[in-house]
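Please look over the sequence and the structure below before reading on.

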Amino acid sequence: MAITAQFKAITPSFTDLLRRTDISFAIGVLIIMIVLLMPMPRPLMDFALALSITFSVMILMTSLFIMKPNEFSAFPTVLLVATMIRLSLNVASTRLILSHGHEGTSAAGKVIEAFGDFVVGGNFVIGIVVFIILIIVNFVVITKGSGRIAEVAARFSLDGMPGKQMAIDADLAAGMIDESEARRRRKEIESESNFYGAMDGAAKFVRGDAIAGLLITFINVIGGVIIGVAQNNMSFGDAFHTYTLLTIGDGLVTQIPALIVSMASGLLVSKAGIEGATEKALYSQLSAYPAALGMASFVMAAMGLLPGIPIMPFVILASLAGYASWNSYQEQLKVENQKNLDQHEKDTTEKTKVIQQPITPQEITIPLDMIRLELGYGLLGLLNGEKNKQLGEQIKNLRGQMQQEMGIYLPQVRIQDNMQLSSNEYLIRIKELDAGKGYVKPGELMIMDPRAEPINLRGEHTREPSFGLPAMWIAENLRADAENRGYTIVDPSVVLTTHLTEVIKDNIGELVTFADVQKLLDNMNETYKKLLNDIVPGQITVGGIQRILQYLVGERVSIRDLPTILEGIAEACNFSRNMMTITEHVRLRLSRQITFSNADHAGVLNIITLSPQWEQIISDSVVGEGENRQLALPPSQMQEFIFRFNDTYDRLANMGEMPILVTTSYIRSFVRSIIERVRPSIVIMSQNEVHPKVKIRSLGQLE
């Protein structure tokens with residue numbers, strides 16, 4: 001007894017085995033293989049055929065009610081299992097028909113006999129024709145069509161993967177989605193591609209099943225007649241009657257589930273562009289246009305009046321279509337009225353809240369808008385222009401461009417109207433402080449002369465807001481004339497976006513937040529995580545790295561090469577803790593990037609240098625030692641330096657040149673501190689930062 005109890009303890013019960021879905025599935029596949037090899041009793045055959053039909057209907061209903069095709073990603077496997085079940089039952093029924101057909105029409109079970117009697121109905125020709133038509137419908141129409149759809153969907157899904165991946169990367173770079181959402185979308189694209197690829201192959205199962213059903217039917221009839229006449233001494237007429245009825249019944253009881261599964265396959269692959277359950281999508285789309293239903297009602301009523309046409313069916317259908325059209329129109333009208341009512345209530349509620357609701361402590365701590373663009377009411381139309389001219393779309397592209405160029409995550413730009421501005425004015429705010437202002441004229445064009453000559457066209461003289469260049473607003477119909485004269489033509493939205501870009505670049509250091517830096521460090525390659533762990537927090541904090549990155553982007557140096565920046569920080573921390581000193585050392589490590597990013601299209605670096613006199617004056621004005629150095633230039637000399645600088649660059653700008661100012665590394669940061677007050681876009685480089693492989697073109701000295 002003890003041994004028996006111990007054996008029961010270590011042996012799983014039959015119920016436990018059934019709870020293991022993997023074992024249950026494996027047992028089911030083994031049963032299918034056994035049915036292919038061993039005879040099946042008639043009652044069990046009836047049960048198995050009923051199970052096959054039920055399984056097929058369940059597949060069809062699932063295909064109808066799913067929301068998206070790849071929700072039924074197991075369909076190719078289910079299709080294979082369903083096909084193997086039908087083929088195994090075909091083999092088992094063939095064995096029963098050929099072995100016991102001489103015993104009567106119930107030789108293969110009651111289900112096959114009932115299907116044969118119902119369809120044949122005493123006329124073999126009708127039965128054979130109906131059976132052949134079912135095979136043609138399944139094989140030629142449904143199976144072939146669904147297979148073609150699956151093939152094309154698989155090809156298009158595979159071809160579209162790179163574009164979809166790029167769209168996800170662009171949304172992620174623009175900050176519209178987070179990393180988890182990007183992973184989910186990539187997984188969905190991969191699943192969709194795999195699903196349609198598998199469906200392309202699975203469609204061949206259904207096609208092969210239809211061919212096999214036709215061959216099995218032909219073999220059953222010929223083989224049954226031969227066995228009945230030659231071995232069982234039946235007359236040819238009795239043998240043909242019995243075996244034909246059994247064969248047609250067998251063919252129908254297996255072809256009907258095949259037809260149902262084929263329909264499910266067609267519904268699944270043709271659902272690619274439909275959102276939601278099939279019946280809801282069809283009803284909503286067919287009823288979305290009451291005029292179409294009304295026209296269908298009119299056509300059916302007109303057809304019912306044709307001579308010789310029975311009027312009653314067409315009148316009934318015309319009435320139903322007319323009622324559906326009227327009902328659909330009423331529903332749409334009700335939805336539109338409800339939408340207007342809800343919007344009115346929402347507007348009223350919001351106004352009431354603004355007037356009545358007191359300010360709570362939580363509302364006092366509302367976060368700042370990092371970047372905000374306020375528009376006069378006349379500029380709101382820029383948000384709804386053509387796709388490539390929409391202000392919102394251009395700002396979205398700007399965020400992606402800034403990440404590509406500078407390597408930082410640019411905050412979202414909040415756009416709102418400001419009734420205090422004049423109609424065509426706009427205001428740019430950084431951290432809700434005024435940073436730029438201008439005006440544009442929608443419906444007109446801004447033109448500039450690249451030769452810096454007076455513009456001879458009818459229009460309003462103005463200044464380009466980004467760089468202060470002379471410009472003019474002209475009417476749209478003068479575009480061709482401006483193009484013929486070689487003027488630069490800019491759309492209003494581009495003028496505004498360019499100004500926004502320059503304001504952001506001038507203040508970009510303030511937009512590099514602690515959270516952004518932490519995100520950049522977290523996303524680094526694992527190879528550099530060890531270096532990061534070595535210096536943070538032992539030698540420098542994340543806040544210190546943030547300050548260095550702010551210094552770099554403040555001078556429009558890209559921080560995309562973050563590994564090199566960290567290497568430079570690690571080296572500089574060995575001899576200094578001063579952030580400016582560390583930044584200057586990092587700039588030396590980035591000398592190749594800084595040099596060639598400021599070279600022209602021919603790879604030439606255009607420069608001017610400080611005269612020896614100014615080098616000496618600024619160098620002598622540096623007071624303090626080591627990391628406590630400061631610039632103490634007298635105000636009069638500073639004003640003279642700024643005047644000479646502006647005069648020199650204005651002269652070079654009129655010649656179409658905007659060179660780099662090169663000075664010694666000892667005073668570079670101090671010269672930059674003076675220049676950024678008047679022209680922050682001018683690049684200041686030290687002599688050590690000029691890469692030895694670049695070609696240099698000197699445009700003179702700052703005297």
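A patch, as the word is used here, is made of residues with over 30% relative accessible area and no salt bridge, and nonpolar side chains are joined into one within 5 Å. The model is predicted, and one such nonpolar surface patch covers about 570 Å². I128, I132, I136, V140, V229, F236 and F240 make this patch. Two elements, α7 (124-173) and α9 (236-269), each give two or more residues to the patch. Helix α7 gives the most, with four residues. V140 lies in helix α7. Because its relative accessibility is 44%, V140 counts as partly exposed, a class that sits between buried, under 20%, and exposed, over 50%.

In soluble globular proteins, nonpolar side chains tend to be buried together. In this model, the largest nonpolar core has 67 residues. I545 and I569 have the most contacts inside that core. Leaving aside neighbours within four places in sequence, I545 is in contact with V517, L521, L532, V536, I540, L566 and I569. Another core lies apart from this one and has 18 residues, among them F645, Y649, I674 and I682.

The backbone has some details to look for. Most residues other than glycine have a negative phi, and most peptide bonds are trans. The peptide bond from V536 to P537, however, is cis, with omega near 5°. P537 is found in the loop between α19 (526-535) and α20 (542-554). V536 is also one of the residues in contact with I545.

For K431, phi is near 50°, and the residue is found in the loop between β3 (425-430) and β4 (433-439). K431 counts as partly exposed because its relative accessibility is 30%. For R556, phi is near 60°. This residue lies in the loop between α20 and α21 (562-572), and with a relative accessible area of 24%, R556 is partly exposed.

How far does the confidence of the prediction reach? The mean pLDDT of the protein is 78, and 79% of its residues reach 70 or more. Confidence is highest in β3, at a mean of 92, and lowest in helix α1 (residues 2-10), at 46.

Conventions. Residues are numbered from 1 along each chain as its sequence is written. This is a predicted model: local features need pLDDT of at least 70, side-chain atom pairs count only at pLDDT 80 or more; totals for chains, interfaces and linings use all residues. Side-chain values use heavy atoms; hydrogens and water are left out. Buried means under 20% relative accessible area, exposed over 50%, partly exposed in between (1.4 Å probe, protein chains only). pLDDT is the predictor's confidence in each residue, from 0 to 100. A nonpolar core is a set of buried Ala, Val, Leu, Ile, Met, Phe, Trp, Tyr and Cys residues joined through side-chain atoms within 4.5 Å. Contact means heavy atoms within 4.5 Å. Patches are made of residues with over 30% relative accessible area and no salt bridge: like charges are joined within 9 Å, nonpolar side chains (Val, Leu, Ile, Met, Phe, Trp, Tyr) within 5 Å. Accessible areas come from the Shrake-Rupley method with a 1.4 Å probe; for residues, only the protein chains shown count as cover. A salt bridge is a side-chain nitrogen of Lys or Arg within 4 Å of a carboxyl oxygen of Asp or Glu.
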